[in-house]
Amino acid sequence: MENIRKICFDALLKTATEDAYSNVVASSLAKRKYEDKRNKAFVCALYYGIIEREITLDYIISLFSRLKPAKIDIKAKILLRMGIYQIVYMDKVPDSAAVNETVKLCPKIGMYSAKGFINGVLRNVAREKDNIKYPKPGSEEYLSVMYSCHIDKVRLIVKSYGYELCEEYLKCSMGSPVLTARVNTLLTNSDEIIKILADENIVAEKNSVVDNAIDITDGADNLFSSKAFDNGLLHIQDAASQICCRAIGAKENDLVYDVCAAPGGKTATVAQIMNNKGRVIACDIHEHKLGLMNETFSRLKINIIDTICRDASHNDGKLTAEADAILCDVPCSGLGIFRRKPELKTKPLINTKELAKLQYKILCESAKLLRSGGTLVYSTCTLNPEENSENALRFLKEHPEFEPKRLEIKNIKRIVDEPDNMITLFPNGMKTDGFFISAFIKK
């Protein structure tokens, strides 16, 4: 008989020790063959819940353990998180089962001496779970603990957008987000693909924000093995990224550069908007990602995209023609995609000053490749003004040959006050990722 908690433990250990992305590990758990479909549901819920609430769980550990979480062996800490999550958040699991089944894992993972410690902490948590004292509401520590977000990131978002908006955003980061896909308009349309997916027991509906986008509301685990996916009728892409692609304004027969293209979703959408006519060059600094992008473009039946390995922060001479439009979707701190990759919430804030310098250099070097009258779009999936509006405003100040290009975006509610060539998207109400878009036109 399969040990579902051991399966979950192995996945959590892989995430913790190999720095694996949670969405990749969760996908492998979902694709695994289980003896009972209820086992699959339990494993996936336990894994994702622990990843999502890591800081909260470690806070509880700190209240009941003589050792602070930082000093506890990673295997023992994962066991404690597993047990506490079941006790506190999984009502259908009896406390006794949560404790006993977790303790039984100790010898299976070589943690014989930890049995007493694990047993003692979990039993204390089970007795006092209704009396746990959390930080005072209204404090930054409260947001950090209750929404499992590193305190440095909480402070940055609060400083940038205020306490209330920060809490609303962090609330939206909890729970599994709906999977959104871009419909391949070269091959089908939204109405047709919804019917096609229904025949494969996948439920989808039109996205309320973006045209030619669908939300997968049921059966998402089956999407990647579906005929619709294999036949290139769609690719996975959040609505925010699709809004960004629209902002480029690419037309048939244009020449478009996507300077930081991997994994290629935006490149594919731009090519579809162009009706597969013209030329798109997708660049990335990592050569191994070019092959993966080419596989995606082939599956989507797109043949106007060429891939090039290049560093967008330097002019290496590989791009010589002046482009009609350029997309700089630069590497960023990822503060806008907590709901997709909850492990990003728990990590310390990186050195954003150096990152912002790199982003600005990419923007400036790319601007040199644009024709007069062409459109330049700068975007990130973060909510850090230093990487977003500050770079965009600095670019206009230091490049008088460019002017702001108004973003013509329908169905979008502005959350923060910004110039009309910029927008910061939040999941609050729109259910998109956190995202920043700015547009410029060369005089």
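Me: What counts as a salt bridge in this predicted model, and how many does the structure hold?
Reply: A salt bridge is a side-chain nitrogen of Lys or Arg within 4 Å of a carboxyl oxygen of Asp or Glu. The model is predicted. Under that cut-off, the number of salt bridges in the structure is 27.

Me: How many residues apart in sequence are the parts that Lys40 and Asp221 tie together?
Reply: Lys40 and Asp221 form a salt bridge, with their closest N and O atoms 3.5 Å apart. Lys40 sits in helix H3 (residues 37-52). Asp221 sits in the loop between strand E3 (213-218) and helix H12 (227-230), so the pair joins parts whose separation in sequence is 181 residues.

Me: Are Lys40 and Asp221 buried, partly exposed or exposed?
Reply: Buried needs under 20% relative accessible area, and exposed needs over 50%. Lys40 has 22%. Asp221 has 46%. Each value falls in between, so both residues count as partly exposed.

Me: Which helix holds the salt-bridge partner of Lys129?
Reply: Lys129 pairs with Asp95, the closest N and O atoms being 3.1 Å apart. Lys129 is in the loop between helix H7 (115-128) and helix H8 (140-146). Its partner, 34 residues away, is in helix H6 (residues 95-108).

Me: What is the relative accessible area of Asp95?
Reply: Lys129, at 29%, is partly exposed. Asp95 is partly exposed too, with a value of 23%.

Me: Which helix holds both Asp152 and Arg155?
Reply: The two side chains meet in a salt bridge, 3.8 Å from N to O. An α-helix has 3.6 residues a turn, so residues three or four places apart point the same way. Asp152 and Arg155 are 3 residues apart, about one helical turn, in helix H9 (residues 151-161).

Me: What is the relative accessibility of Arg155?
Reply: Asp152 is partly exposed at 32%. Arg155 also counts as partly exposed, with a relative accessibility of 44%.

Me: Which residues do salt bridges with shared partners join into one network?
Reply: Here the salt bridges share partners. The network they form consists of Asp238, Arg339, Arg340 and Asp433.

Me: How wide is the arc that the buried residues of helix H2 cover around the axis?
Reply: Helix H2 (residues 22-31) has Ser22, Val25, Leu29 and Ala30 as its buried residues. They lie on the same side of H2, because their arc spans only 140 degrees.

Me: Which residues are exposed on the other side of H2, and which helices are among those covering its buried residues?
Reply: Val24 and Lys31 are exposed on the other side. The cover over the buried residues includes helix H1 (4-18), H3 and helix H16 (343-346).

Methods:
Residues numbered from 1 in each chain as written. Predicted model: local features only at pLDDT ≥ 70, side-chain atom pairs only at ≥ 80, totals over all residues. Heavy atoms only, no water. Helix = DSSP H or I, 4+ residues; strand = E, 2+ residues; numbered from the N terminus. Buried < 20%, exposed > 50% of the residue type's maximum accessible area, 1.4 Å probe, protein only. Arc of directions from axis to C-beta. Contact = heavy atoms within 4.5 Å.
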